[in-house]
Amino acid sequence: MPNYQNYILSNLLKTSVIQKAIDFFTTRELIDLPLTEPFSDAGVYALYYFGDFQNYRPISAINKNAKTLKELLPIYVGKAVPKGSRTARTQTSVEQTLFKRLEEHSKSIQSAPNLDLKDFKCRFAILRDNEVDLIVPLESALIRKYAPLWNSCVSGFGIHHPGSGRYGQSRSEWDTLHPGRYFADKLTGDELNLDEIKDKISDYTKKL
């Protein structure tokens with residue numbers, strides 16, 4: 001009977017490579033949204049909130065009082081991978097994947113009447129060449145480190161248009177809390193309980 005413990009590949013993500021990537025990311029200066037200069041790159045990004053939306057005030061307070069860049073708390077972490085990477089193609093097309101993803105998020109926030117884009121900032125790490133392979137593990141490591149609200153508690157911010165044949169589904173938690181996205185307004189599924197979503201956020205912020 002083989003000893004399966006001998007087949008465990010472990011501790012690789014605890015090496016200096018991922019930690020160096022996190023250290024690099026968390027020392028980047030914040031940038032206003034929307035971005036004004038397009039660029040052709042892929043990478044990992046985070047959004048930070050500084051506004052007065054009642055349920056997010058504890059997060060905003062942390063960011064307003066942060067004395068160093070590393071103390072900032074993201075409300076969302078995401079990634080933009082080169083086209084073709086999910087199908088393991090040898091040649092991938094980067095185009096403006098990171099810029100367009102942040103542009104899409106800016107439009108989502110602007111569509112919500114109870115949010116103001118000027119209250120959000122972003123930062124990102126551009127990854128090229130062999131470093132592109134670090135996009136997924138870096139995003140995962142940052143989500144584990146910070147458990148951002150829109151990743152771990154309020155779902156739906158990062159979703160795309162569901163397509164005309166799928167309008168029977170319910171609005172996401174994010175779209176229930178922040179109505180206004182054009183595709184969410186077309187969804188006809190059962191409505192989620194807004195108070196339950198707010199209670200989840202309250203439980204989350206109490207642990208900060």
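Predicted model: local features only at pLDDT ≥ 70, side-chain atom pairs only at ≥ 80, totals over all residues.
Let me begin with a term: a residue is called buried when its relative accessible area is under 20%. Please keep that cut-off in mind, because by it eight of the eight residues of strand 2 are buried, and the strand is therefore largely enclosed by the rest of the structure.

First, the overall layout. The chain has seven helices and four strands, and along the sequence these follow the pattern α-β-β-α-β-α-β-α-α-α-α. Of the 208 residues of the chain, 42% count as buried. If we take the contacts in the chain with a separation of 6 or more, 70% of them are accounted for by residues 24 or more positions apart.

The four strands form an open sheet in the order 1-4-2-3, and the pairing is antiparallel. Strand 1, residues 31-32, and strand 3, residues 76-80, are the edge strands, each of them pairing on one side only.

Let me come back to strand 2, which covers residues 42-49. With strand 4, residues 120-127, strand 2 pairs in the antiparallel sense over eight bridges. In that pairing V44 stands opposite A125 of strand 4, and L47 stands opposite C122, also in strand 4. Towards strand 3, strand 2 is joined by five bridges, again running antiparallel, and here A46 has V77 of strand 3 as its bridge partner.

Helix 3, residues 97-111, has 15 residues and reaches 21 Å from its first C-alpha to its last, which is close to the 21 Å expected at 1.5 Å a residue.

Helix 2, residues 57-65, buries I59, S60 and N63. Why do these residues line one face of helix 2? Seen down the axis of helix 2, the buried residues fall within an arc of 95°, so they line one face of the helix. In general, an α-helix has 3.6 residues a turn, so residues three or four places apart point the same way. The buried residues of helix 2 pack against strand 2, helix 5 (149-152) and helix 7 (194-206).

I would also like to go through some backbone details. In general, most residues other than glycine have a negative phi, and most peptide bonds are trans. Against that background, a cis peptide bond joins L33 and P34, with omega about 0°, and P34 is found in the loop between strand 1 and strand 2. D129, which is not a glycine, has a positive phi of about 50°; D129 lies in the loop between strand 4 and helix 4 and counts as exposed, at 70% relative accessibility. A147, likewise not a glycine, has a positive phi of about 45°. A147 lies in the loop between helix 4 and helix 5, and at 30% relative accessibility A147 counts as partly exposed.

Finally, a word on cysteines. How many disulfides does the structure hold? The structure holds zero disulfides. Of the cysteines I can comment on, C122, the residue opposite L47, counts as buried at 0% relative accessibility, and C153 counts as buried at 8%.

Conventions:
Residues numbered from 1 in each chain as written. Heavy atoms only, no water. Pairing = 2+ DSSP bridges. Helix = DSSP H or I, 4+ residues; strand = E, 2+ residues; numbered from the N terminus. Buried < 20%, exposed > 50% of the residue type's maximum accessible area, 1.4 Å probe, protein only. Arc of directions from axis to C-beta. Contact = heavy atoms within 4.5 Å. Disulfide = S-S within 2.5 Å. Expected span 1.5 Å × (residues − 1).
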